Amino acid sequence: MTRPKTISDEELLAVARRVFREQGRTASTRAIARQAGISEGILYQRFGSKEDLFLASMAPRAPDIRGLLGPEPPNEEVSTFLRNVLVRMAEHFGEVIPLAIQIITHPGPGRERAQSGLAQLRKGLAARLAWFEAQKLVRPSTAKRTAQLLVSLAHDWAIRHAGLYPGKQGTQDLEEMADIVWKGIGLSPRP
């Protein structure tokens, strides 16, 4: 008969993520197990190796496309949509970039998962912008490039916000950038 788990895998991964973020990849499994309140043996039983634990805890979660981009088709005016989606994407990147950096600098699998999520996000955003194109609310043939631009703006903002390079920006900066994009792609409202 096995003993019941005293900590869920999700809680254990949260502890490991915190320890790896504080101490880097050299954090010991002993320290992680101690902070989680379990033995190292249980840690290895659940995750097999320190490498597997690192990847499981540090891999950025896949983006919630609907949560970030809203419904398809969008139910907001274009300018409001651009502002809201840019802020939500930037906040998402602000959460995942510190984790992604750990994975990117770590040899092995994990990079593909982060890149796949980003591609899904770009594709979903382009589809929503294409809907605005079809409604003749934005310039034709701008959806794909505008999606790429918005993802890049959100990504850049998140890196600055995380302090990875100087010039921390607030969400007001994002809204102003969205307004500039809107001025570039927007058409006059239909009569």
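Here are some exercises with worked solutions on the predicted model shown above.

Before you start, note that residues are numbered from 1 along each chain as its sequence is written, and that side-chain values use heavy atoms, with hydrogens and water left out. Since this is a prediction, local features need pLDDT of at least 70 and side-chain atom pairs count only at pLDDT 80 or more, while totals for chains, interfaces and linings use all residues.

**Exercise 1. The overall picture**

Task: Describe the secondary structure, burial and surface of the protein.

Solution: 
- Step 1. Begin with the elements, taken as DSSP runs numbered from the N terminus (helices: H or I, at least four residues; strands: E, at least two). The protein has 9 helices and 0 strands, so its order from the N terminus reads α-α-α-α-α-α-α-α-α.
- Step 2. Next, burial: buried means under 20% relative accessible area, exposed over 50%, and partly exposed in between (1.4 Å probe, protein chains only). Of the 191 residues, 39% count as buried.
- Step 3. Now the surface, from the Shrake-Rupley method with a 1.4 Å probe, where for residues only the protein chains shown count as cover. The protein exposes about 10,900 Å², and carbon and sulfur atoms supply 53% of that area.
- Step 4. Finally, look at contacts (heavy atoms within 4.5 Å). Among those with a separation of 6 or more, 70% are between residues 24 or more positions apart.

**Exercise 2. Salt bridges between helices**

Solution: 
- Step 1. Apply the criterion: a side-chain nitrogen of Lys or Arg within 4 Å of a carboxyl oxygen of Asp or Glu. The whole structure holds 5 salt bridges.
- Step 2. Arginine 46 and aspartate 9 meet with N to O at 3.0 Å. Arginine 46 lies in helix α3 (residues 40–47) and aspartate 9 in helix α1 (residues 9–23), so the pair ties together parts 37 residues apart in sequence. Aspartate 9 is partly exposed at 31% relative accessibility.
- Step 3. Glutamate 40 pairs with arginine 30, with the closest N and O atoms 3.6 Å apart. This bridge connects α3 with α2 (residues 29–36), across 10 residues. Glutamate 40 is partly exposed at 27%, whereas arginine 30 is exposed at 55%.

**Exercise 3. The nonpolar cores**

Solution: 
- Step 1. Define the core: buried Ala, Val, Leu, Ile, Met, Phe, Trp, Tyr and Cys residues joined through side-chain atoms within 4.5 Å. The largest has 33 residues, of which Leu82, Leu86, Met89, Phe93, Leu125, Leu129 and Leu150 touch the most other members.
- Step 2. Sort by helix: α5 (65–69), α6, α7 (111–134), α8 (143–161) and α9 each supply at least two residues of this core. Helix α6 gives the most, with 11 residues.
- Step 3. A separate core has 19 residues, among them Val15, Val19, Phe47 and Leu99.

**Exercise 4. A buried arginine and some backbone details**

Solution: 
- Step 1. Arginine 128 lies in helix α7 and is buried, with a relative accessible area of 5%.
- Step 2. Its side chain reaches the backbone oxygen of proline 71 at 3.4 Å. Beyond four places in sequence, arginine 128 contacts residues including Ile65, Glu72 and Phe81.
- Step 3. Most residues other than glycine have a negative phi, and most peptide bonds are trans.
- Step 4. Glutamate 72 and proline 73 are joined by a cis peptide bond, with omega about 5 degrees; proline 73 lies in the loop between α5 and α6.
- Step 5. Lysine 136 has a positive phi of about 60 degrees and lies in the loop between α7 and α8. Serine 141 also has a positive phi of about 60 degrees, and its place is in the loop between α7 and α8.

Conventions: Polar contact = N/O pair within 3.5 Å; in protein donor to acceptor, adjacent residues only side chain to side chain.
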